[in-house]
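Hi there,

Here is the structure I promised to send over. Have a look at it first, and then read on for what I found.

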Amino acid sequence: MGLFILRRVGVMLLTALCLTFVVFFLTNLYPNLEKLAKTQGNARMTDAEVASWLDRNGYGGPMILRYGEWLGVVPGWTREADDGTVTGRCIDRGMEPGEAPAFCGLLQGDLGFSTVSDDEVANIIGGRLGYTGILMFWAFAVMVPAALLIGVLAGMKEGSRTDRSLSTFAIASTATPEYVSGVIFIVLLASSTAGLSPWLAENGWIEGRTLFLGSARSAMEGGITFWNFTLPVMTIALYGMGYIARMTRASMAEVMTAQYIRTARLKGVSFRNIVLKHALRNALIAPFTVIMLQFPWLLTGVVIVETLFNYNGFGWTLVQAASNNDIELLLACSIVAVFVVLVTQLISDIGYVFLNPRIRIS
Amino acid sequence: MEPLTWSGALGPILNPIMLAALVVFALGFVSNLLLTIAGARAGDVQINPDHTLTIDRTPVDYALMAMKYAALLFVACCVGYIVGGMVMPTIEARGIIGGMAARLTPVWIALIVVFVLSITFKRRLGLYGKLFDSPIGMVGFGLVMFWIFSAAFAGIVATHGPIDVISQMRNEVPGSPLPSPEDGQYAYYLLGGDNLGRDVFSRMIYGGQEVLKITPVATLFAFMVGVTLGLPAGYFGGKLDTSITFIANLALAFPVILLFFLLVTPEIVAAGVPQYMSMVLFIFPIIFFVVLFNSRYHTQPPKRNMLVAATLVIGLVAYFSLISNADDPDMPLIFRIWPEPLDLFDIQGNILIVFVSVVFVNSPTVFRIVRGIVLDIKTRDYVAAGQTRGEGPWYIMLWEILPNARGPLIVDFCLRIGYTTILLGTLGFFGLGVSPESPDWGSTINEGRRLLTIYPHPALPPALALMSLVLGLNLLADGLREESLKD
């Protein structure tokens, strides 16, 4: 078991290394750097000026060396200008060149400096991840129990009317991506001119002008309320729910045909007890993997929902960084994204082995 | 002119009936739920001593019956709106729904023809015919065909052009009349105007055309890549399998949304990254077909040579026309060496990028599916028989294993077109789509969402259209899976 985990972690690190290099390569292509030079320096630089600017700011060396610097395994660059001032990757503003560490990269916890927001990347990412964490937490808190309930109810009697209607609902929810369900929710529940809100407001059943708020901006400062956070959470939860529910249903339906369930029925155990005591435990092994593997999908969902509902979390930051050519911030975002994907894959692999007694790793 | 009402002249008759049906359905649902919780059960069939059957009806049965008839009544009302709307004489009497139904007449006719023909000959049509035994599959097929036909007849169905702007119609509500309609111009914006004054209904129809032009082809390419790599990986195993699987996992672990943003940024496009990717991805179909014909006909050299030569000539001309773009001097030299006269077509930059990103995201998943199926099938007896006969490995993969894997692959193909549609919509939603003017659904949703709480009508139709197409594809896949598992 220890060896299995060790090998999985090794593969994960190798994958992470490859992926970060790909992202580094794509964000540090020459046209990106040229644009960076022109936004940081002067928009009307000549090619020679761009080249010298890049050289002065440490973008001159070979790609693989710069990747090493960013990673923290190659000493950061330093350069002495003609007037004697020393600049370098590891020399922050107001720091004496002698005090600066030799290495400053990902491994040292230094994610660099965001050129657009004018702040340390680590500061930006930390706060934004907190916001996204809250959103993800509530989305999971809604999605997982609902999906498991639907799946178990549908799977306990395959082909019944409940099964048919719940399965159709699950299919419909997988066919509704976030940007569709979000739009429908906003129109139905958060528009002052259409949907339910005008009617409810006219009758005096709701206090504000709309039932829910179509923007989650106030959730960041004023705290989370039912009013401003329901729609984003629902939107994320709905798309992922269908898939988990279908997997749970398949797993439940398979368990319900197993021999030991038939034995229990023949012994005269009541249907309720069969489902709750005999079937449920075994039926929930497969959905565990699926739930863990939903994280990467949720990442896309989070980006869409945060853009749609104006919630300045991690996904919103990623979009901003990508469209503003904020190289260091984008790299940090992709590190987080890759890390989330790989760690959830690892947990789902290991967790499956732990949960399923039929799999033994020798 | 007065703006149109939603249901026209039929409204006063059909609206109350529809509302009543909805209320009855809701009441039936609630009472059914309460009765079931209270412990009441549906009636059982009892066999009497004289071999007759009796069903005793409980309140649950009556609740279910009420729900069933209410649902039927609701569907009948919907059909009433559509058919009634089509036969009404004037556009004012048709209303918005009837007006749209009348514009969609060619689509209805085509749908009816397809369904009548298919159901008549369903026993002779194999898996496709069996689809018509499953109600879910039929609904899915109907939804998909609806969008295919409306894309095919977009020129007749749409009332205006996709980028025709009438500035007075900016953000007008559904059913608004044009300020000064010219002769032969449709006098209303059926679903209103968007923020630039374009017709939402026409853009939805043309958007479907745009989406259906890209997604099936992109999915097909993803399948070519996935199959060409997945077959040898599963069949040979070993180091080859390990390395391809590692690369596929790498691509799978790459967050989709990040990849889209990276690939579509102008700087990366200027560096030619999508072009290089298309160079790699588009070579796979040629490899696939060359190996396909070679493995089958290598014992008949004349026939083999002819087929392989034909594939190579057609494939390579298409390949080079696709990837090279001699007109663009900014491109790296490798994309400009193909002679101009042989460059049959150029693909507009953004379409190529969108296409490449969608293919790239989909192919690793296809690869994993194919590899899994091959691992399963290669232990079968007919594969062993082929190996004993002395068939080559590629013959076994392409002519023994692949045809036997078609069931799951067809089902996955349907699902994957739906998923590709969602991906394409995601691209459009972030403004990374085909072009800013393009009517594709993702881009229209993106445009409409800015004023969503005030003017919901421009974003809603493309959103519902996308949802119905993907739902149709999912239901179709479900029906196909169910029917293919039956035998």
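One cut-off to start with: a residue counts as buried if 20 or more other C-beta atoms lie within 10 Å of its own. By that rule V338(A) is buried, because 23 other C-beta atoms lie within 10 Å. Please keep in mind that this is a predicted model.

Let me stay with V338(A) for a moment. This residue is found in helix α15 of chain A, which covers residues 327-355. Which residues does V338(A) touch, once those up to four places away in sequence are set aside? They are A16(A), L19(A) and T20(A) from chain A, together with A253(B) and P255(B) from chain B. V338(A) and L17(A) are 321 residues apart in sequence, yet their C-alpha atoms are 10.0 Å apart in space.

Next, the contact between the chains. It takes 38 residues from chain B and 41 residues from chain A. On the side of chain B that touches chain A, at least two residues each come from α9 (238-253), α10 (256-264), α11 (266-270), α18 (406-429) and α20 (460-486) of chain B. The most come from α20(B), with 9 residues. By type, this side of chain B divides into 28 nonpolar, 7 polar and 3 charged residues.

As for chain B as a whole, there are 20 helices and 4 strands. Its C-alpha atoms fill a box of roughly 80 × 70 × 40 Å along the principal axes. Of the 487 residues in chain B, 41% are buried. Among the contacts in chain B with a separation of 6 or more, 69% are between residues 24 or more positions apart.

The largest nonpolar core has 203 residues, and the members that touch the most others are V183(A), V302(A), V359(B), A463(B) and L473(B). Helix α8 of chain B (residues 200-236) supplies the largest share of this core, 18 residues. Leaving aside neighbours within four places in sequence, V302(A) is in contact with T132(A), L135(A), M136(A), I236(A), G313(A), F314(A) and G315(A).

N310(A) is found in the loop between α13 and α14 (314-324) of chain A. Is N310(A) buried or partly exposed? It is partly exposed, because 15 other C-beta atoms lie within 10 Å. N325(A), in the loop between α14 and α15 of chain A, also is not a glycine and has a positive phi, near 60 degrees. N325(A) is buried, with 21 other C-beta atoms within 10 Å.

Finally, a word on confidence. Chain A has a mean pLDDT of 83, and 96% of its residues reach 70 or more. Where pLDDT is low, the predicted coordinates should not be read in detail.

Best wishes

Definitions and conventions. Residues numbered from 1 in each chain as written. Chains lettered and ligands numbered in written order. Predicted model: local features only at pLDDT ≥ 70, side-chain atom pairs only at ≥ 80, totals over all residues. Contact = placed C-beta atoms within 7 Å. Nonpolar A, V, L, I, M, F, W, Y, C, P; charged D, E, K, R; others polar. Buried ≥ 20, exposed ≤ 12 C-beta atoms within 10 Å, placed from the backbone. Core = buried A, V, L, I, M, F, W, Y, C linked by C-beta atoms within 7 Å. pLDDT = per-residue confidence, 0-100.
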